[in-house]
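Student: I have a structure open on my screen and would like to learn how to read it. Could you take me through some features, one at a time?

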Amino acid sequence: MDIEKEKNLLGGRLESCSNNPLTGFHRTGKCQTGPQDHGCHAICVIVTNEFLEFSKASGNDLSTPAPQYSFPGLKEGDRWCLCALRWKEAYDAGVAPVVILTATSEAALQHISRSVLEEFAFVLSD
């Protein structure tokens, strides 16, 4: 798979999720995947405190900085490329964060249905 040709959930160009903090399995700012990405870091989310607490309790502490990996730690409101299965676990627990559809790779559809992801689409309010 050519990661530069990945499409988003809407069939368009995969947009950037976040450059600050820098995210993505390949640390390009985009939720690009590939054969070496066994976690399928395809879903661009806006993290919440509730999700961060859930993730930490589930064994993946995303809020604590890890300078050795140039990871600043996430805080509420940050955008992040999340593993599809971790998002599904959060969904099942009722704490799934909202999804940026244009920055989420269509690879996520291998694990989660489009209708469920669209249900959690981030929408700008007026």
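Tutor: Let's begin with a term: a disulfide is a pair of cysteine sulfur atoms within 2.5 Å. Before we use it, note that this is a predicted model, where local features need pLDDT of at least 70 and side-chain atom pairs count only at pLDDT 80 or more, while totals for chains, interfaces and linings use all residues. Residues are numbered from 1 along each chain as its sequence is written, and side-chain values use heavy atoms, with hydrogens and water left out.

Student: How many disulfides does that rule give?

Tutor: The count comes to two. Counting bonded cysteines along the chain, they follow the pattern 1-3, 2-4.

Student: Which cysteine is joined to C17?

Tutor: C17 is joined to C44, with an S to S distance of 2.2 Å. The torsion about their S-S bond is about 85 degrees, so this disulfide is right-handed. C17 lies in the segment before β1 (43–46) and C44 in strand β1, so the pair ties together parts 27 residues apart in sequence. Strands (E, at least two residues) and helices (H or I, at least four) are DSSP runs, numbered from the N terminus.

Student: And what does the link of C31 and C81 look like?

Tutor: Their sulfur atoms are 2.1 Å apart, and with -95 degrees about the S-S bond the link is left-handed. C31 is in the segment before β1 and C81 in strand β2 (residues 79–82), so parts that are 50 residues apart in sequence are tied together.

Student: Is C31 buried or exposed?

Tutor: Buried means under 20% relative accessible area, exposed over 50%, and partly exposed in between (1.4 Å probe, protein chains only). C31 has a relative accessible area of 0%, so C31 is buried. C81, at 2%, is buried as well.

Student: Now, how do I read aromatic rings?

Tutor: A pair of aromatic rings is described by the distance of the centres and the angle of the planes. Rings of Phe, Tyr and Trp (its six-membered ring) pair if their centres lie within 6.5 Å; planes under 30 degrees apart count as stacked, over 60 as edge-to-face and the rest as tilted. By this rule there are four aromatic pairs. In one of them, F71 and W80, the ring centres are 5.4 Å apart and the planes at 65 degrees, so the pair is edge-to-face.

Student: Why is the pair of W87 and Y91 called stacked?

Tutor: Their planes are at 15 degrees, with the centres 5.5 Å apart, so the pair is stacked. W87 and Y91 are four residues apart in helix α2 (residues 84–92), so about one helical turn separates them. Together with F120, W87 and Y91 form one aromatic cluster.

Student: Last one: where is T104?

Tutor: T104 sits in the loop between β3 (98–99) and α3 (114–119). T104 is buried, with a relative accessible area of 0%. A polar atom of the T104 side chain lies 3.0 Å from the backbone nitrogen of C44, and the backbone oxygen of I100 lies 2.8 Å from a polar atom of that side chain.

How values were computed
Polar contact = N/O pair within 3.5 Å; in protein donor to acceptor, adjacent residues only side chain to side chain.
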